[in-house]
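Here is a short note for a colleague who is opening this entry for the first time. Please read the points with the model on screen.

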Amino acid sequence: MSGKVKKRFAPQSLLEEIESKFEMFQILNENGEIVNKEFEPNLSDEELEELMTRMVYTRILDQRSISLNRQGRLGFYAPTAGQEASQLASHFALEKDDWILPGYRDVPQIVWHGLPLWKAFLFSRGHYIGNQIPEGVNILPPQIIIGAQYIQAAGVALGIKKRGGKNVAVTYTGDGGSSQGDFYEGINFAGAFKAPAIFFIQNNQ
Ligand SMILES: Cc1ncc(C[n+]2csc(CCOP(=O)(O)OP(=O)(O)O)c2C)c(N)n1
């Protein structure tokens, strides 16, 4: 063996070239300014008010949930503060008959999709009734195994396609989850079968 250490990574120029093909798409910057007027969503004042109401409700729900958790009255709970906009705006774009396959942090979306809050609390405490989803509420219980919901979403989306449905299956994971094998299996399967799935990555750093 030569004493030289083999270069394991792609050269910087190649990485820069790849990055240039995936430019950041931004409408609102971190200062709340619209930087891409062309793509500003056409939302009415009523819709904006509704979204703000949902965000504030969800922030308070988060604070209450953390308190209940610290008192030992809730079980497993993943905080959501700071993620309200990505969670609730993405959910706002869905129709009632679309399917949500949440990760553990995506409880707000399934509550706003119709899961009674008391059932979300029972889920947190590991009670089986928390996983009994009411008829017509198209969700699965939050997935704890990181990335597993991506394969399930691919499967649900393929089922929708086979039935000729017009709805979609949306699933969420964190930036860490995007390194899981399940993540790649899910997006590959859905892509190969052109299944109506939306894969949402929330990078909360
Ligand atoms: C398959 C698997 N491995 C490890 C864990 C333990 N675990 C729970 S949360 C977490 C970090 C996940 O980070 P990320 O996907 O970025 O999501 P975030 O929690 O930041 O929203 C890990 C490793 C798990 N739940 N599932």
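1. Elements. The chain holds seven helices and three strands. Starting at the N terminus, their order is α-α-α-β-α-α-α-β-α-β. Keep in mind that this is a predicted model.

2. Overall dimensions and contacts. Along its principal axes, the C-alpha trace spans about 65 × 45 × 45 Å. The chain has 205 residues, and 26% of them are buried. Take the contacts between residues at least 6 apart in sequence: 64% of these join residues at least 24 apart.

3. How H2 meets H3. Helix H2 covers residues 45-70, and helix H3 covers residues 84-92. The two pack at an angle of about 135°, and their axes are 10 Å apart. H2 is therefore oblique to H3. Angles over 145 degrees would count as roughly antiparallel, and 65 to 115 as roughly perpendicular. The crossing of the two helices is right-handed.

4. Residues at that contact. From H2 come Leu51, Arg54, Met55, Thr58 and Arg59. From H3 come Glu84, Ala85, Leu88, Ala89 and Phe92. Sorted by class, the contact has six nonpolar, one polar and three charged residues.

5. The ligand shell. Which residues are around the ligand? Arg105 is one of them. Ile144, Ile145 and Ile146 are also in the shell. By class, the shell divides into three nonpolar, five polar and two charged residues.

6. Lys194. This residue is not a glycine, yet its phi is positive, near 45°. Where does Lys194 sit? Its place is the loop between helix H7 (181-192) and strand E3 (197-202). Is Lys194 buried or exposed? Lys194 has 10 other C-beta atoms within 10 Å, so it is exposed. The cut-off for exposed is 12 or fewer.

7. Gln205. Here too phi is positive in a residue other than glycine, with a value near 65°. Gln205 lies in the segment after E3. Why does Gln205 count as exposed? Because it has 5 C-beta neighbours inside 10 Å, and 12 or fewer is enough for that class.

8. Where to look. For the helix packing, start with H2 and H3, which cross in a right-handed sense. For the backbone, check the positive phi values of Lys194 and Gln205.

Terms used:
Residues are numbered from 1 along each chain as its sequence is written. This is a predicted model: local features need pLDDT of at least 70, side-chain atom pairs count only at pLDDT 80 or more; totals for chains, interfaces and linings use all residues. A residue is near a molecule or strand if its C-beta atom, placed from the backbone, lies within 6 Å of it. Ala, Val, Leu, Ile, Met, Phe, Trp, Tyr, Cys and Pro count as nonpolar, Asp, Glu, Lys and Arg as charged, and the others, Gly among them, as polar. Axes are lines fitted to C-alpha atoms, for helices over the stretch in contact, and angles run from 0 to 180 degrees between N-to-C directions. Helices (H or I, at least four residues) and strands (E, at least two) are DSSP runs, numbered from the N terminus. Angles under 35 degrees count as roughly parallel, over 145 as roughly antiparallel, 65 to 115 as roughly perpendicular and the rest as oblique. A crossing is left-handed if the near helix is turned anticlockwise from the far one by less than a right angle, and right-handed if clockwise. Two residues are in contact if their C-beta atoms, placed from the backbone, lie within 7 Å. A residue is buried if 20 or more other C-beta atoms lie within 10 Å of its own, exposed if 12 or fewer, and partly exposed in between; C-beta atoms are placed from the backbone.
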